[in-house]
Amino acid sequence: MTARFVALVAGVLFFFLAVLTQGILPFFEPTARTTKVTAVVRTGMGELKWMLTDATDYTPLQKEGRAIYLREGCWYCHSQFVRPVTGETRRWGPVTEAGEFAFDVPHLFGTRRIGPDLMRVGLKFSDEWHLAHFWDPRMLSPDSVMAPYRGLFSELDATVPIVDDGAGNRTLERSPATETLFDYDSQATISLTPNADGLLFVPLAARDKRPVVLTPGEQFSGDAVRIAAETQELQALIAYLQKLGMQRGKWRDLFEPQQLEVIDVTLPRSDEWIAHGKEVYERRCLGCHGVKGDGNGPAATFLYKQRPRDFSAAVFKFRLTKEPLPTDGDLLRTITRGIRGTAMPAWHELPVNDRLSVIQYIKFELAVDHSDPSAPYAFFVEEPPGPPLIIGRAPAPSEQMLARGQEIWQTAKCWECHGQTGKGDGQKAAGLKDDLGFPIGPADLTSGQFKSGTAVEDIFRTISTGLSGTPMPSYRDAFADEDRWALSYHVLALSAYKDPLTLEPLNIPEADRKALDDLTRQAATPEKAYVPGSGTAVGAGEPDAAAGTAQGG
């Protein structure tokens, strides 16, 4: 008996063993067919609680994306399984549960893990980030071993000239090729910005609009661009990725590694720390923010909805100071948490000294006005941040407070931009621009994707300070603290009992909503999730087999 024969027999046996264990035995195991999962919901009182619920099937678009994911071999390198190990749960999120795979045939657990695990990737990044990532992963992460997937894009064979549209705007030359991407006769326009290399991304959303090439900061000075256009396949694949992990609802809002709270922290200014910060910046930040920190990195053209921050202007949205410039603590909070709903990810895994050193580089090298080369103006040197504002303890929510918050919503005219229901469709929404001249839409507050954070203290901070560089003003002097707390709770309640992915109302009976709104009811972990109809938690009494977690290698 030769070694080759033994290997052949062993290979055949292991093949049939895999068929038995993964293709046959699961049909006899109850937890393999359960749709029960524990998920985080935002209650009507603005709290976040775990509850037992049912997983939902993929939409037709997501199913198409899953088929593309299989076809392109993404599952060769990426797993979809979070093991019950501390390192994994702090890196990816909560342990996977059996119900999350109820609609997966075949399962895509994966074992190689050459790339990051994707079981919790849903809403971790914006759609725009994924578009840039598929075009060239190393624009966003130089360490990535993932190959570009440019075959999923539609590219024109030749460059497209930039011309004057006769109305004072720049547009793309009309031709049979560009007419497949735009509607040149439409009254609606879409603003697109090439990167410095002349690459211009065109989303599917441009098909019924007229293009405007917008370069208020001379992001591109050439006279022709290369086109990379989104396709239906890309849209489907990203829709599938955004679904992964979202059976667990708003779990990310309770993800402890991202919940950094800090008033101020810093490193002493030194050339050594600044030099290290530059290295960190070039590896982690340059792809979006650019070499000069002007927000015009190679990936910026894909971020057509929300441009990367221009550090050279020294305008920062998120702070807890009276003056415009943030403290190091403010910047550390933003870098650690990321900015939800945008291409800015959370960097909680990056060593804290790396995060602090890149802050030094941003402050003293990038946030500098070089309009007069002989006398550069370093904002953080000339206008150092003042002391941080102190936010008191948040009051407990109540029906009366929510009603008061709705009154303040009307008085402050929040509805003019955000709309009466908070969907970002107010009467002034269409014409809003940021300080640099780029279109900026009001946040859809029903999504729960709050950029500055998901706690009521985060909403209070934003309402108090405003968002520098945007049309969102400060209301610190306009309303008393108690009114701003009430408005903050009202803003949170706009996303209550909503699916964070579809934004549709969750199918939760009124009795269960009242039970979840009870401030004395605790449901802080999956093990203590509220069970609809019972008034108890999963961990109370007999354990619920349907809520068991998937185990394995």
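Helix α9 (residues 328-337) packs against helix α10 (residues 352-366) at an angle of about 120°, and their axes lie 10 Å apart. That angle makes α9 oblique to α10. Angles under 35 degrees count as roughly parallel, over 145 as roughly antiparallel, 65 to 115 as roughly perpendicular, and the rest as oblique. The crossing of α9 past α10 is right-handed.

This is a predicted model: local features need pLDDT of at least 70, side-chain atom pairs count only at pLDDT 80 or more, and totals for chains, interfaces and linings use all residues. Residues are numbered from 1 along each chain as its sequence is written, and side-chain values use heavy atoms, with hydrogens and water left out.

Look at the α9 side of the contact (heavy atoms within 4.5 Å). Asp328, Leu331, Leu332, Ile335 and Thr336 in α9 meet residues of α10 that include Arg355, Leu356 and Val358.

Val280 sits in helix α7 (residues 271-284). Val280 is buried (under 20% relative accessible area), at 7%. Beyond its neighbours within four places in sequence, Val280 touches Cys285, Leu350, Asp354, Ser357 and Val358. Val358 is also among the α10 residues that meet α9.

Now move to Thr470, in the loop between α14 (456-465) and α15 (481-493). Thr470 counts as buried, at 15% relative accessibility. A polar atom of the Thr470 side chain lies 2.8 Å from the backbone oxygen of Leu467. The backbone nitrogen of Met472 lies 3.1 Å from a polar atom of that side chain. Leaving aside neighbours within four places in sequence, Thr470 contacts Lys317, Asp435 and Ile440.

Conventions. Axes are lines fitted to C-alpha atoms, for helices over the stretch in contact, and angles run from 0 to 180 degrees between N-to-C directions. Helices (H or I, at least four residues) and strands (E, at least two) are DSSP runs, numbered from the N terminus. A crossing is left-handed if the near helix is turned anticlockwise from the far one by less than a right angle, and right-handed if clockwise. Buried means under 20% relative accessible area, exposed over 50%, partly exposed in between (1.4 Å probe, protein chains only). A polar contact is a pair of N or O atoms within 3.5 Å; within protein, one must be able to donate a hydrogen and the other to accept it, and residues adjacent in sequence count only if both atoms are side-chain atoms.
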